[in-house]
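Good morning, everyone, and thank you for making time for this. Please have the sequence and the structure open, and we will go through some of the side chains together.

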Amino acid sequence: MRDVVLVRQACSSVTVAFDDAAVADYFDEQADAGLSPQQFGRVWFHTHPGSSPHPSGTDEATFARVFGPADWAVMAILARGGRWYARLGVHAGPGATRRLPVRVAWNEPFAGSDHAAWLKEYETCVEQEDEWDEVDAFGERLFGLDLGVARSLWSCPTD
């Protein structure tokens with residue numbers, strides 16, 4: 001992998017919603033540059049707020065829905081604390097799935113490493129959602145709880 005690109009998205013510690021127009025624009029830009037989706041749209045890299053890098057049920061459902069039709073795709077997850085999970089799914093022919101080893105050279109500079117530019121891209125593309133809006137909606141839908149009760153049951157650290 002040579003580059004990581006962010007598209008507009010709204011995220012919380014447990015959800016992500018990509019801006020469909022931003023994804024379409026990115027695919028159009030890459031196609032206009034002469035690239036095929038196999039060259040730019042087959043790796044889904046994301047983070048987990050806890051220490052477990054293993055895919056959640058939502059991760060598995062999203063990977064199947066978004067990347068299932070592709071001939072191959074990779075799901076890679078970085079958890080808090082630096083633990084990784086990566087898996088290749090091949091959907092062409094008989095198909096196969098294989099866990100991938102991950103090595104990250106955190107302190108080695110490389111062509112294109114520009115931390116200031118990365119931070120600017122993050123601030124431009126990622127909208128952080130209010131955790132309590134989700135907890136309130138979850139509690140109301142499932143249990144008829146009000147926000148005060150939900151706050152007493154769930155803790156959403158802000159660090």
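Predicted model: local features only at pLDDT ≥ 70, side-chain atom pairs only at ≥ 80, totals over all residues.

Let us turn to the aromatic rings, of which a search of the whole structure finds five pairs. In one of them the rings of Phe27 and Phe40 have their centres 4.8 Å apart, and since their planes stand at 70 degrees, this pair is edge-to-face. Phe27 belongs to helix H1, residues 20-32, while Phe40 lies in helix H2, residues 37-40, so that the pair links distant parts of the chain, 13 residues apart. Phe40 is buried, with a relative accessible area of 15%.

Another pair is formed by Phe45 and Trp84, whose ring centres are 5.4 Å apart and whose planes are at 25 degrees, so this pair is stacked. Here, too, distant parts of the chain are linked, with Phe45 in strand E3 (residues 43-48) and Trp84 in strand E5 (residues 84-90), 39 residues apart. Phe45 counts as partly exposed at 33% relative accessibility, and Trp84 counts as partly exposed at 23%.

Going back to Phe27 and Phe40, ring pairs link these two and Tyr26 into a cluster.

Lastly, a word on the cysteines: Cys11 counts as buried at 16% relative accessibility, and Cys125 is buried with a relative accessible area of 11%. The structure holds zero disulfides.

Definitions and conventions:
Residues numbered from 1 in each chain as written. Heavy atoms only, no water. Disulfide = S-S within 2.5 Å. Buried < 20%, exposed > 50% of the residue type's maximum accessible area, 1.4 Å probe, protein only. Phe/Tyr/Trp six-rings, centres within 6.5 Å; stacked < 30°, edge-to-face > 60°. Helix = DSSP H or I, 4+ residues; strand = E, 2+ residues; numbered from the N terminus.
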